[in-house]
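Reader: I have a model open and would like to learn how to read its features. Could you walk me through it?
Author: Gladly; let's look at it together.

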Amino acid sequence: QVQLVESGGGLVQDGGSLRLSCAASGRTGSTYTMGWFRQAPGKERELVSSIRWSDRSTYYADSVKGRFTISRDNARDTVYLQMNSLKPEDTAVYYCAAKRTWETRYDYWGQGTQVTVSS
């Protein structure tokens, strides 16, 4: 089992920055991929970014490329999402998730953290 706990959400003005953290516990390691998803009211959940524990290979949705950076700290079993140049359309609940790298579906989810960007 993998447990995920997010933190770092909040209210920020247009153009501001936030850093989200996801602390993982349980059976994590090099075979896992960690992802950050978000869901805005009335919209489907979307994958924002992901990183593989094994080689730090990353993915970014087009909407956040150049503004968001995903990283991991192995010693702390923590994944971060640094969000810069935030826009009102980034407002959503952000979720951390984990899956075995070869799986298509994310099996483990955090409780979510609200990010609100005011214009």
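Author: Let's begin with the aromatic rings: Phe37, Tyr95, Tyr106 and Trp109 are linked into a cluster by ring pairs. Before going on, note that this is a predicted model, where local features need pLDDT of at least 70 and side-chain atom pairs count only at pLDDT 80 or more, while totals for chains, interfaces and linings use all residues. Residues are numbered from 1 along each chain as its sequence is written, and side-chain values use heavy atoms, with hydrogens and water left out.

Reader: How many aromatic pairs are there by this rule?
Author: Rings of Phe, Tyr and Trp (its six-membered ring) pair if their centres lie within 6.5 Å; planes under 30 degrees apart are stacked, over 60 edge-to-face, and the rest tilted. The count here is 4 aromatic pairs. One of them, Phe37 with Trp109, is tilted, at 4.8 Å centre to centre and 55 degrees between the planes. Phe37 belongs to strand 4 (residues 32-39) and Trp109 to strand 10 (residues 108-109), so this pair ties together parts 72 residues apart in sequence. Strands are DSSP runs (E, at least two residues), numbered from the N terminus.

Reader: Is Phe37 buried or exposed?
Author: Buried means under 20% relative accessible area, exposed over 50%, and partly exposed in between (1.4 Å probe, protein chains only). Phe37 is buried at 10%, whereas Trp109 is partly exposed at 33%.

Reader: Which charged end sits over the ring of Tyr95?
Author: A charge sits over a ring if NZ of Lys or CZ of Arg is within 6 Å of the ring centre and within 35 degrees of the ring normal. For Tyr95 the charged end is that of Arg45, 4.2 Å from the ring centre. Tyr106 has the charged end of Lys99 over its ring, 5.4 Å from the centre.

Reader: What is the order of the strands in the open sheet?
Author: Strands of a sheet pair through backbone hydrogen bonds, either parallel or antiparallel. Two strands count as paired if DSSP finds at least two bridges between them. In this open sheet, 4 strands run in the order 1-3-8-7 with antiparallel pairing. Strand 1 (2-7) and strand 7 (68-73) are at the edges with a single partner strand each, so one side of each has no neighbour in the sheet. Strand 3 (residues 18-26) and strand 8 (residues 78-83) are joined over 6 bridges, and Arg19 stands opposite Gln82 in strand 8.
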